[in-house]
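Here are a few notes to read alongside the model. They start at the contact between the chains and then move to charged pairs inside each one.

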Amino acid sequence: MVSAVPLLEINGLRTYFYTLRGIVKAVDNVSLKLEKGETLGIVGESGCGKSTLAWSIIGLVPPPGKIVDGSIIIDGIDITKMSEGEIREKIRWKKVSMIFQGAMNALNPVYKIREQVAEPMILAGYSEHEAYKRVDELLEAVGLTPAVGDRYPHELSGGMKQRVVIAMALTLEPDLVIADEPTTALDVVVQAQILNLLKELQRKKKRSIIIISHDLGAVTELAEKIAVMYAGKIVEFGTAEQVFNNPLHPYTQALIRAIPRLTGPVTKLEYIPGAPPDLRFPPPGCRFAPRCSKVMDICHKEEPPMKELEKGHFVACHLYD
Amino acid sequence: MRGESIVYSMEIGEKILEVKDLKVWFPVSQSFIDNLRGKAKLFVHAVDGVSFEVHEKETFCLVGESGCGKTTTGKAILRLVPVTGGSVKFKPSKSVLKDLEERGIEPDSDGTVDLVSVPLKKFKPLRRDLQIVYQDPYGSMNPRYRIRDVIGEAIDVHKAASTREEKEEMIIKVLEKVKLTPATDFIDRYPHQLSGGQRQRVAIARAIILNPRLVIADEPVSMLDVSIRAEILELFNELKKDIGLSYIFITHDLAVARYVCNRIAVMYLGKIVEMGDAREIIADPMHPYTKALVAAIPDPNPENRKKIREVPIIGEVPNAINIPPGCRFHPRCVYYNRAAKGEGDARLAEKCPRDQPPFKEVKPGRRVACWLYE
């Protein structure tokens with residue numbers, strides 16, 4: 001589905017954190033496009049800026065963080081130009097909602113599930129009666145019985161809580177749902193069930209989903225397109241098949257080889273030596289250069305530009321100059 | 001960094017640990033009134049009759065979902081939780097045996113000691129032989145200790161070095177062993193100055209500094225990024241080769257288990273349901289629960305997004321206080337549920353909810369507790 005206006009368009013986004021110890025460039029010149037109904041996976045190590053990117057899209061960058069440059073256009077409107085009040089009124093939860101990392105542990109222990117799920121709807125102007133009725137529908141949509149609405153969070157298992165959190169993200173029928181590590185901290189069986197649920201939601205309602213995870217396995221379960229992030233930048237972008245079957249960036253290649261597999265020969269696992277750079281003082285040139293096995297002289301001097309090597313498959317690496 | 005074969009298929013030595021019918025039950029606190037009324041005491045059956053063996057230079061994996069008792073099993077072996085029943089025969093090293101004898105603990109004729117029957121007050125020498133690496137490299141170290149002190153504490157507690165120089169030398173050597181080089185760079189740092197992978201290396205260094213025989217590794221890589229996970233797993237394998245360690249490796253991730261373990265025991269609600277060679281179990285799981293676990297793991301492949309992943313399991317893990325009668329997996333088992341509807345083996349419909357299945361050897365080296373294989 002390609003419509004004239006993409007659902008989400010990010011251009012040259014920079015989100016920096018102004019800490020006392022220096023400026024942390026968590027998101028540094030990121031550009032993305034997402035069509036309606038598309039599923040995008042963002043993969044990267046912890047600290048690569050993937051969560052900050054998500055917070056930027058929903059206008060919730062925690063202080064001392066700030067969007068310093070670039071635009072985030074949702075349905076034709078640039079939200080970086082909007083005030084907090086406007087974002088709250090027009091964008092957040094109505095157009096874009098988010099399943100926050102670990103949100104299932106942030107449910108309010110003294111409110112019943114029904115009250116918590118209904119809250120955004122009541123704030124958006126639904127009557128209490130309408131909102132509660134809709135909660136029952138939502139709970140069913142995420143595979144729970146309406147009776148769960150009468151329970152308190154501590155009475156639910158981890159998987160059920162995660163379903164509740166997903167229901168909360170769907171309350172106001174947003175076009176785009178961002179799921180930040182939706183399956184981390186869940187058991188494998190529950191993880192598979194939650195991923196199935198997200199798959200169904202995406203198929204039935206043609207909703208766009210951005211799934212953010214460090215786990216390529218979880219991302220490939222859902223995403224049609226994959227963006228690989230490293231140290232605040234997108235280093236590779238393409239369809240899941242392109243990125244996974246024909247990875248171009250040495251970082252993506254190493255990441256894929258580092259995954260323990262359930263099938264095939266058991267070879268010695270490969271790893272990426274070293275650690276991601278300190279985002280206050282990123283290395284000059286390519287940020288992956290200090291850890292890269294194919295590093296060249298130019299990598300330490302010049303930042304590689306994003307290049308389209310095949311249709312829709314972008315990579316930022318000097319190997320392809 | 002890339003080799004053809006893993007150090008996995010190493011020679012396995014003699015048996016060093018034999019766990020028999022280990023039980024750990026935690027009492028559930030009840031109200032005073034309930035106690036007065038004489039209401040029956042309730043227990044969480046965290047570990048409910050577990051038996052296995054670990055050999056020298058072997059990596060034995062305990063796999064299962066959270067709450068299945070895998071961590072409690074590990075802690076019970078180290079006597080970090082009170083043990084309700086069963087025995088844990090362990091073969092200590094010579095120097096530990098000597099210390100134990102000095103404290104009046106005589107080993108059995110085969111040189112083993114039952115860890116469960118050693119009074120906790122006399123347990124200290126055994127801690128040199130039995131060590132643990134915890135899951136969370138962020139929470140398992142005192143933030144005010146330098147790496148020197150984090151690792152050196154064990155040396156002080158067990159008086160393993162006579163001079164300050166000797167202690168320093170031991171610390172530097174062990175840091176080199178876990179590849180935190182140059183060691184002098186790391187020795188004076190605080191934990192917060194290290195990355196997650198480096199911290200986990202320190203945790204491993206702390207565990208191996210006194211040359212233990214058995215290290216229990218409790219989800220040692222689950223909090224690390226995929227890109228550095230492999231590095232730590234390789235370190236475990238290398239140490240096994242270099243210093244002849246044995247591991248009990250506790251993990252929920254079967255894919256990780258496939259790379260480091262010789263044998264796997266799959267636990268469900270406090271019991272082992274299947275045990276055998278790691279790769280054989282993953283390639284051909286026999287117990288319905290193991291089948292579900294294997295089916296649930298996303299093997300990265302873009303084709304996966306086009307289909308819904310079928311996981312052959314029903315509902316959620318029941319509470320460990322009221323364990324289902326008969327086979328404790330039967331309410332979630334697709335085979336039983338099919339049979340109960342009259343569609344499958346009628347024998348199962350009757351047997352599963354009534355009798356506990358025996359833990360039987362169904363083929364060489366593979367044990368399964370399931371009525372399907374009767």
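1. Start with one pair across the two chains: Glu241(A) and Lys306(B) meet through their side chains in a salt bridge, 3.5 Å from N to O. Bear in mind that this is a predicted model. Between chain A and chain B the count is three salt bridges, alongside 21 residue pairs in polar contact, both residues at pLDDT 80 or more.

2. Which elements of chain A give two or more residues to the side that touches chain B? They are helix H6 (188-205), helix H7 (216-220), helix H8 (240-245) and H9 of chain A. H6(A) supplies the largest share of that side, nine residues. By type, the residues on this side of chain A split into 21 nonpolar, 13 polar and 13 charged.

3. Now the contact as a whole. Chain A puts in 47 residues and chain B 46 residues. About 4,600 Å² is buried between the two chains, with carbon and sulfur atoms giving 58% of that area. On the chain A side, Leu262(A), Val266(A) and Lys268(A) lose the most area to chain B, together 18% of what that side buries.

4. Next, the salt bridges in general. Side chains of opposite charge can pair when their charged atoms come close. Over all chains, the structure holds 50 salt bridges. One of them joins Asp28(A) to Arg14(A), with the closest N and O atoms 2.7 Å apart. Asp28(A) sits in strand S2 (residues 22-34) of chain A and Arg14(A) in strand S1 (residues 8-19), so this pair ties together parts 14 residues apart in sequence. Asp28(A) is buried, at 5% relative accessible area, whereas Arg14(A) is partly exposed, at 24%.

5. Have a look at Glu45(A) too: it forms a salt bridge with Arg291(A), the closest N and O atoms being 3.1 Å apart. Why does this pair tie together parts that are 246 residues apart in sequence? Because Glu45(A) lies in the loop between strand S3 (39-43) and helix H1 (50-57) of chain A, while Arg291(A) lies in the loop between helix H9 (250-257) and strand S11 (307-310) of chain A. Glu45(A) is buried, with a relative accessible area of 4%, and Arg291(A) is buried as well, at 7%.

6. Over in chain B, Lys39(B) and Asp34(B) form a salt bridge, their closest N and O atoms 3.7 Å apart. Lys39(B) is partly exposed, at 45% relative accessible area, but Asp34(B) is buried, at 18%. Back in chain A, salt bridges with shared partners join Arg134(A), Glu137(A), Glu173(A), Lys205(A) and Arg207(A) into one network.

Notes: Residues numbered from 1 in each chain as written. Chains lettered and ligands numbered in written order. Predicted model: local features only at pLDDT ≥ 70, side-chain atom pairs only at ≥ 80, totals over all residues. Heavy atoms only, no water. Salt bridge = Lys/Arg side-chain N within 4 Å of Asp/Glu carboxyl O. Helix = DSSP H or I, 4+ residues; strand = E, 2+ residues; numbered from the N terminus. Buried < 20%, exposed > 50% of the residue type's maximum accessible area, 1.4 Å probe, protein only. Contact = heavy atoms within 4.5 Å. Buried area = accessible area lost by both parts, 1.4 Å probe. Polar contact = N/O pair within 3.5 Å; in protein donor to acceptor, adjacent residues only side chain to side chain. Nonpolar A, V, L, I, M, F, W, Y, C, P; charged D, E, K, R; others polar.
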